[in-house]
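Open the model in your viewer and keep the selection tool at hand. We will go from stop to stop.

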Amino acid sequence: MSADTPKIAKLDAEGLSLKSVSLWQITWRRLFKRKSAVLGMVILGIMVFVALTAQWIAPYPPTLSMLDAKPPQNLDKRSSPCIHLFGCPADQPQHILGTDGNIRDEFSRLLFGSRLSLMVGLATVSFAIAIGTVLGALSGYFGGWVDNLIMRIMDVLLAFPSLLLAIAIVTVLGPGLINALLAIGIVSIPSYARVVRASVLSVREMDYVSATRALGGNTNQILFHRILPNALTPLIVQGTLGIATAILDAAALSFLGLGAQPPTPEWGSMLGAERNQVFTAPHLVFYPGLAIMLTVLSFNLLGDGLRDALDPRLAHVS
Amino acid sequence: MKRHVSVLLTLVVLASLLLAACGGGSQPAVQTEGLKEEAFAPTKLEAPDCEYGGEIKSIEAVDELTVKITLCVPDPAFPSKIAFTSFAVQPREYLQSTGGNGALLEKPIGTGPYYVAQWERGNQLVFKAFGDYWGEKAKVDTLVFRWGTESAQRLLELQSGTVDGIDNVGPDDFATVEGDSNLALMTRPALNIMYIGINNTFAPFDNELVRQAFAQAIDRQRIVDNFYPAGSEVASHFTPCSIPNGCVGDAWYDFNPDAAKALLEEAGYNADNPFPTIKLHYRDVVRGYLPDPNVVAQDIQAQLKENLGVTVEIDVMESGAFLDAADSGSLDGLHMLGWGADYPDQTNFVGYHFGAGSSKQFGDKYEDLVAAIESGAQLATDAERKPFYEETNKLIKQHVPMIPVAHGGSAVAYKAAVTGGHASPLGNESFSVMSNGADTFVWMQNAEPISLYCADETDGESLRACEQVTQSLLGYEVGGTAVEAVLAESYEASDDLMTWTFKLRPDVKFHNGFTLDAADVVASLVLQWDASNPLHTGNTGAFSYWSGLFGPFLNAPAE
């Protein structure tokens, strides 16, 4: 029997150390065990790095026509990629991805485009989350006519196809990046409001909330210090996946000429501008499309990974 | 015996049925139910005097086959003008019954080789050959117009054989078409102008110094070299040189950013008073004069930033809204637009844009410029007109109502098997002379016609469709610009070029079976001329070509 005692003590020690591990640490660990999520994080990491360092990596300013470059480069518009390493003649200026219809360096534009796309994704989702969370929390916490009013408005918003609604909003506000951001933000509010409302509904009946109430906590304390922090997990998942949709929507708006205005390098508008050149200059359509795809994919992989990692029911899977 | 009789009877019945079925010739191609052909009666509309400002004094149906038009001023270009598509003749009974719009916009009734069989809006426009056509009948029975805004799409359709001809081959695709033995490329002479228009009623362009600065700040050679197809040239003047007196007098400013900057400073703009951000409006529509609008707009944007430090915002507008805004003079800043020749005369270029009857596109009219243009338009020979057009070009350079950029070369492409294929310098290809050896010929152009009542349309995509269906007193030769007799068999002018008499071709049938007479011609023209005519309605009521070519309307409401 004496031999067993240390074992229990060891278990206890393990149990103690387990308790000290926070939810975030567990999530982080689980996330790293998923190859797809890691892949998503790696791609995203590269994108963020590129976006932050674009002005140092890019060989040319994104809006500079090579005709205005010093010294001026005598290039054809939509020239094909020229990489010295791969046998492009040395007397020809190097353009890794060729030049676009206005004889601008496609590679530089693509790099700067990542800034815009990430910014669009983060900004719209932050906007939508900020408003959606407040609306959803009020709705779920107070219930009754407040709930009815807010959620019916959200239902109306949801009843429109989101891209069409965004186009309508941009048409009213006028084309431009900021207006496109607003439009996409507005159309994505309802999904966050619903998610938050659902989790608030389940959390507000928890014992610790009742306890706070019994201790005399006011609405502000209960809602923002007790309920919301514990209702955040689904929001994080929804937000990560939402960034992907927002980037796609922004690209679609720009493709239609309603988003970023020329000469801003934006992947969607780069794609739209060269849509006629699919056969004559495929690289001008391929690379912006690829960039959009990779970014969206990275957010989707990460979002999926986060959802699984944050779900306690899937704990045994990892 | 009895059996023979029944066989005979059956044969007779069958034969008569066959005859009835084939006897469509007695039925008109287009049915206008409830319309009765009226007997000819002489008719005349005359302006009380020429004070109203227009060019026309009177239009008269003298007898069944004689039309007489008298002018207020001599006009040597009158035959070229009256030949234009928008002065086509339709039956007066039909015009009356439609009230000047409605069905008229969808189903014109003309005398041309094709009639409109069906217009599926948004999809295709189908024409059928007119059996009773007075001239050489159409070679192919069915003509179909389709449209696609993307040049890549048009080329793909031609390559795959679903269409027989396409308009405006993309500038980068010329070589592709030339290298394909199944296709034939036909270049269209650069009888057009792409310009950057400036409305002088909006600041900062109400200052002539600013306009002159911009005129020198854009490297036009660079735009043409990089973004226009072969066969294009930098515009030295507003009007192309192949038009008589088109490019006489001083050529446009040289590209000189330093002089431009100095002018802006002289106009009061400096570091303390920076030049405001301006807009560049255009429509994302490919035309022969502007093959790649977005790219050209962005190059202008980049150039103005680089050369003048001016920030330009690009504003892409819907085509119809853009043209309306341009016409009504509500476009501030700069706008990119162009013009293709309707007939080869200076009046069609400088007269239409800057003359007495021009729209508000460039803001307030420049009186000295109007005077020079109007004086030149009245003289009979090119030599006599020359000094006035030299003056005109000098004044355009001084006032800068617009910056001429390029005369754009463009091309159409057909399947190599198509006979009679041609590219018209006026953009009005005539399909009745073409044949692909089948019974349906499909043409694909850039856009859908806006309406088919071309008296009130200015868009080339609409005019081309109208030209297959309706005809004017005179017309232009196929694939060229020379004027030839069409509905008029012959015409003559008085010595002072003020009275023009047209003898109509006898027995010309309209598509609805009515016979053409002089009263139809008069009715078709006066409804455009006389603003108080109840039929002066049209699609928008602007009748821009009439006012552009013949000056103000009669009985125009006071502004």
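**Stop 1: a sheet in chain B.** Select strands E10, E14, E9, E13, E11 and E12 of chain B: in that order they form an open sheet of six strands, with mixed pairing. Helices (H or I, at least four residues) and strands (E, at least two) are DSSP runs, numbered from the N terminus. Two strands pair if DSSP finds at least two bridges between them. The edge strands are E10 (233-234) and E12 (312-317) of chain B, each pairing on one side only.

This is a predicted model, where local features need pLDDT of at least 70, side-chain atom pairs count only at pLDDT 80 or more, and totals for chains, interfaces and linings use all residues. Residues are numbered from 1 along each chain as its sequence is written, while chains are lettered from A and ligands numbered from 1 in the order in which they are written.

**Stop 2: two parallel strands.** Select E11 (residues 278-283) of chain B. Six bridges join E11(B) to E12(B), and the two run parallel. Find B:Arg283; its bridge partner in E12(B) is B:Met317.

**Stop 3: a helix across the sheet.** Select H8 (residues 220-227) of chain B. It lies across E10 and E14 (402-407) of chain B, at about 30 degrees to E14(B). Such angles run from 0 to 180 degrees between N-to-C directions, and axes are lines fitted to C-alpha atoms, for helices over the stretch in contact.

**Stop 4: where the chains meet.** Show both chains. Here 20 residues of chain B are in contact with 20 residues of chain A (contact: C-beta atoms, placed from the backbone, within 7 Å). H10(B) gives the most to chain B's side, with seven residues.

**Stop 5: the largest core.** Which residues have the most contacts inside the largest nonpolar core? They are B:Tyr195, B:Ile403, B:Ala413 and B:Val522, in a core of 160 residues. A nonpolar core is a set of buried Ala, Val, Leu, Ile, Met, Phe, Trp, Tyr and Cys residues joined through C-beta atoms within 7 Å. Buried means that 20 or more other C-beta atoms lie within 10 Å of a residue's own. Helix H16 (residues 518-529) of chain B gives the most to this core, with nine residues. Now zoom in on B:Ala413: among the residues it touches are B:Leu158, B:Ile166 and B:Val177.

**Stop 6: two helices in chain A.** Select H4 (residues 106-142) and H5 (residues 144-159) of chain A. They pack at an angle of about 145 degrees, with axes 7 Å apart. Among the residues that meet are A:Leu135 and A:Phe142 in H4(A), and A:Val146 and A:Ile150 in H5(A).

Conventions. Two residues are in contact if their C-beta atoms, placed from the backbone, lie within 7 Å. A residue is buried if 20 or more other C-beta atoms lie within 10 Å of its own, exposed if 12 or fewer, and partly exposed in between; C-beta atoms are placed from the backbone. Lists of a residue's contacts leave out its neighbours within four places in sequence.
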